[in-house]
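User: Please take a close look at a single part of this structure and walk me through its packing. Then relate it to a few other points along the chain. Keep it brisk.

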Amino acid sequence: MSVQGVEISPVGRTRTAPADNARPQNLRFAFASCQDYQAGFYTAYAHLAEEDLAFVAFLGDYIYEGAPNPNARRVHKGAGEPLDLAQYRNRHAQYKTDPHLQAAHAAFPWIVTFDDHEIDNNWADEIPQDPQLQTPEAFRARRIAAFQAYYEHMPLRRKSLPRGLDMQVYRRFRFGDLASVHVLDTRQYRSDQVETREQALDPSLTMTGAEQERWLTNGLRNAGTRWNLLANQVMWAQNDRTAGPAQTFDLDNWDGYRAQRRRLLEFFGSGRVANPIVLTGDRHCTWACDLRTDFDDPSTPIVGAEITGTSITSGGNPDVAAFHRTYDPIMAESPHWRYIDNQRGYVRVDVDRSRTLSSLRLVDTVWAEQAQIRTAAEFVVENGRPGIASVTAEPVPLARTRTAGPIRAS
């Protein structure tokens, strides 16, 4: 007796990377991050799925652990934050029901890494954001459950199979002699966040752990490729949040791990790393920055570039005018900032042997399932010239303020 199934699985495709000894002339991919289901629709993925890409790099916050928000456009299932395996599986499954996200996965292979919201906001190694509310034993059990669900729902190889508390996520991809993609893990091995800038100078603090740092520097030194691209979660470039002589920083970013950051940036500038470009998520905004060994001293050399991409949905529809009122004065005091914006979308990257072109692709709204997309800015990094060589951008749309509608803070 034969049994005929009733479920239909759409056909997807993948691509094989060129051989290590190949000499490809170009590579096109996109990177994205931060797709809070409750903050809006995955409108940008409808357009990303139509691009011609070798892969998509997803840089963290694939799911959000927040409790259901009844005022959101789309509401998380469940009664609260996920804590156990069944709840994390259900949260991933709900995100995967989105047709635009499905289309993007079906169209291209994905290179994924996680940040904090796949488990718990701002977690660090075995320390949750709120240790007064989560015992060490409870958070370790939560981390084990979240990692298992993440592995089951993400396109990861068997070497990333979780083993208790641990999951191997940092790894490397090579595209002939053109580009290497070094995927970082800035959560599992990091020191707990400090509270002040002075504490952030402590040389014992680490974002990556010593073993991963050695892996990264050895891989960068011996890559043998024209470009070295770092798939990274949180912002490297110094990011002051207050105009004027006072300075405030989000110390969950690399601003909170200054000694290690300076050590790595000095390594970038040592002449042993070919064309380093850091690709970053997390901020729900776009920042194109020059990387310097000392961001407070503009006379120090530029040693690399960072493109921090915006979110798919997180933050909802933005208030562009308010963003620029806050950050334009800070940008005037931050010469390493080359471009800033807070609208929603993704970044498409075209790599060839002479330059890397990053195109900021923005949608008009994430409160509708369909919307127009445009290329709002382009950032060029030239072979052999560290930093952002040129920025081409549309005028700042100060009249494009946020329309009324629900938004969930993330």
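Analyst: Two residues are in contact when heavy atoms of one lie within 4.5 Å of heavy atoms of the other. The model is predicted.

Start with the geometry of H6. The helix covers residues 210–221, which makes 12 residues.

Now the burial. Seven positions can be listed by name: Gln 212, Glu 213, Trp 215, Leu 216, Thr 217, Gly 219 and Leu 220 are the buried residues of H6. Buried here means under 20% relative accessible area. The cover over these residues includes three strands, S4 (171–175), S5 (179–183) and S6 (227–232). Helix H7 (258–268) is also part of that cover.

Next, the helix pair. The axes of H6 and H7 are 11 Å apart and meet at an angle of about 15 degrees. Angles under 35 degrees count as roughly parallel, so H6 and H7 are roughly parallel to each other. The crossing of H6 past H7 is right-handed. On the H6 side, the contact uses Glu 213, Leu 216, Thr 217, Leu 220 and Arg 221. On the H7 side, it uses Gln 260, Arg 263, Leu 264, Phe 267 and Phe 268. By class, the residues of this contact are 5 nonpolar, 2 polar and 3 charged. An α-helix has 3.6 residues a turn, so residues three or four places apart point the same way.

Of its 11 residues, 8 are buried, so the rest of the structure largely encloses H7. The buried ones are Arg 258, Ala 259, Gln 260, Arg 261, Leu 264, Leu 265, Phe 267 and Phe 268. Their cover includes H6 and helix H5 (197–200). Strands S6, S7, S8 and S9 (302–308) are also among the elements that cover them.

The loop between strand S7 (276–280) and strand S8 (286–292) holds Asp 282. Its phi is positive, about 80 degrees, though Asp 282 is not a glycine. Most residues other than glycine have a negative phi. Asp 282 is buried, at 15% relative accessible area. Cys 34 also has a positive phi, about 60 degrees, without being a glycine. Cys 34 sits in the loop between strand S1 (26–32) and H1. Cys 34 is buried, at 1%.

H1 itself spans residues 43–48, and Thr 43 belongs to it. Thr 43 is buried, with a relative accessible area of 1%. Leaving out residues up to four places away in sequence, Thr 43 touches His 100, Val 363, Thr 365, Val 366, Ala 368, Glu 369, Gln 370 and Ala 371.

Last, Ile 388. This residue lies in the loop between strand S13 (373–382) and strand S14 (390–393). Ile 388 is buried, at 4%. Beyond its neighbours within four places in sequence, Ile 388 contacts Ala 288, Cys 289, Asp 290, Ala 305, Ile 307, Arg 338, Val 380 and Val 381. From Glu 152, Ile 388 is 236 residues away in sequence and 38 Å away in space, C-alpha to C-alpha.

Methods. Residues numbered from 1 in each chain as written. Predicted model: local features only at pLDDT ≥ 70, side-chain atom pairs only at ≥ 80, totals over all residues. Heavy atoms only, no water. Helix = DSSP H or I, 4+ residues; strand = E, 2+ residues; numbered from the N terminus. Expected span 1.5 Å × (residues − 1). Buried < 20%, exposed > 50% of the residue type's maximum accessible area, 1.4 Å probe, protein only. Axes fitted to C-alpha atoms, helices over the stretch in contact; angles between N-to-C directions. Parallel < 35°, antiparallel > 145°, perpendicular 65-115°, else oblique. Left-handed = near helix turned anticlockwise from the far one by under 90°. Nonpolar A, V, L, I, M, F, W, Y, C, P; charged D, E, K, R; others polar.
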